[in-house]
Amino acid sequence: MRAIAIAEYGATPALVDVPRPEPGPGEILVKLIAAGLNPIDWKIAEGRLKDAVDASFPLILGQDGAGVVAQTGPGVTGPRIGEQVYGAFQGVARGLGSYAEYTVAAADGPFAPMPAGLLYTEAAAVPTAGMTALTLVEDAGCGPGRTVLIVGATGGVGQCAVQLAAGAGARVIATARPDMADELRRLGADEIVDHGVGPLNRRVVAAHPDGVDIVLDMVSDRQGTERLAQLVRPGGVYLSTTWSVNPDAMAARQIRGGNPEVRPSAELLGRLTALIDAGGLEVRIERTVPLADAPAALLDNRAGGARGKTVIRI
Ligand SMILES: NC(=O)c1ccc[n+]([C@@H]2O[C@H](COP(=O)([O-])OP(=O)(O)OC[C@H]3O[C@@H](n4cnc5c(N)ncnc54)[C@H](OP(=O)(O)O)[C@@H]3O)[C@@H](O)[C@H]2O)c1
């Protein structure tokens, strides 16, 4: 089957021909129709998990995917062959991922039936961004009476977080360059701050002299985080997806700080399905590319400037 894989950590991702995986006991074979691209994909290619997991090479890239159950292994009672599923399919230890024609997953793994009415390309864009945003918004306690600053709001996680925080009743300040301001307002942001013009913390404090209750940060490094933490009122929350929070430094400011590591699960995906079906969440696809163009798309994402999700047509 065709797949995008790396021969070793640090190697350039390339289109390869590899054997189709076989589902073992308790496993399913998924014929993938689309894969969603996430920053973690190029981070894994660069070796981010080197010390955490023993990888199998060639390692197929890709966490997010959507497709059809094509075969079930011994002992599987569900899902059924032909069911449309979406979820998280990166299996570093077995060299499996979603940038491939087929992948194998545990029958009770982190996937769920696709939301009704979504195309495969749309469903593939949802899992990581949606599960991460849902985890952040709930962990931080976004809700009525809370003002939340979302840093990196134009990206995949950020756009979901804007919708979920606004849907929970919070007042949302979103970072965006001017080309995305209207789109983020449409998604529920109350205020936009252009992160390309001057220091972000000064611009936010000018409009909010008493600070904000919550920062959800998809971008900053440690220094940037320390600067932005000055905006958070005592008793507030600062969560980072880039491991930039030092919880002790936050505690010294009377802020709860954290770096939530999102664990993909069928339960989280099921909740996203319900939100999407109810019209409470949409995921904006910036572009769709053929499988052979995935390596170039990974480079583009690494360079920055995402305006939504990149989806790979298998
Ligand atoms: N810990 C976890 O479990 C977890 C889960 C999911 C994602 N993540 C991480 O979270 C990060 C975001 O993921 P994503 O999928 O949302 O990425 P993405 O889709 O590539 O979006 C990143 C966004 O950040 C914007 N941005 C860049 N610099 C900025 C700045 N200084 N201020 C404000 N916005 C800025 C970019 O636009 P411009 O370049 O135009 O500014 C872009 O829209 C990645 O590092 C990813 O690996 C972690």
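## Close-up views of a predicted model

View 1. An oxygen atom of the ligand lies 3.3 Å from a polar backbone atom of Gly155. The structure shown here, and in every view below, is a predicted model. In the side chain of Thr241, an N or O atom is 2.7 Å from an oxygen atom of the ligand. Arg307 places a polar side-chain atom 2.9 Å from an oxygen atom of the ligand. The ligand taken alone exposes 930 Å², and the protein buries 82% of that area.

**View 2. Residues and helices surround the ligand.** Helix 1, helix 3 (127-140) and helix 4 (156-167) are the elements that give two or more residues to the shell around the ligand. There are 25 residues around the ligand, and those that come nearest are Lys43, Thr154, His195, Thr241 and Ala306.

**View 3. Tyr9 and Phe57 form an edge-to-face aromatic pair.** The count of aromatic pairs in the structure comes to two. In the pair shown here, the ring centres of Tyr9 and Phe57 are 5.1 Å apart; the pair is edge-to-face because the ring planes stand at 90°, and an angle over 60 degrees counts as edge-to-face. The two residues belong to distant parts of the chain, 48 residues apart. Tyr9 is in the loop between strand 1 (2-6) and strand 2 (14-17), whereas Phe57 is in the loop between helix 1 (39-46) and strand 4 (59-60). Tyr9 is buried, at 16% relative accessibility, while Phe57 is partly exposed, at 34%.

**View 4. Phe89 and Phe111 form a stacked aromatic pair.** Their rings are 6.3 Å apart from centre to centre, with 20° between the planes. Phe89 lies in the loop between strand 6 (84-88) and strand 7 (102-106), and Phe111 lies in strand 8 (residues 111-113), so the pair ties together parts that are 22 residues apart in sequence. Both Phe89 and Phe111 are buried.

**View 5. Arg20 lies over the face of Tyr102.** The distance from Arg20 to the centre of the Tyr102 ring is 4.5 Å.

**View 6. Cys142 and Cys160 are in no disulfide.** A disulfide is a covalent bond between the sulfur atoms of two cysteines. The structure holds zero disulfides. For Cys142, the nearest cysteine sulfur is that of Cys160, 14 Å away. Cys142 is buried, with a relative accessible area of 10%, and Cys160 is also buried, with a relative accessible area of 1%.

Key: Residues numbered from 1 in each chain as written. Predicted model: local features only at pLDDT ≥ 70, side-chain atom pairs only at ≥ 80, totals over all residues. Heavy atoms only, no water. Disulfide = S-S within 2.5 Å. Buried < 20%, exposed > 50% of the residue type's maximum accessible area, 1.4 Å probe, protein only. Phe/Tyr/Trp six-rings, centres within 6.5 Å; stacked < 30°, edge-to-face > 60°. Helix = DSSP H or I, 4+ residues; strand = E, 2+ residues; numbered from the N terminus. Lys NZ or Arg CZ within 6 Å of the ring centre and 35° of its normal. Near = heavy atom within 4 Å. Polar contact = N/O pair within 3.5 Å; in protein donor to acceptor, adjacent residues only side chain to side chain. Areas by Shrake-Rupley, 256 points an atom, 1.4 Å probe, with all protein chains shown as cover.
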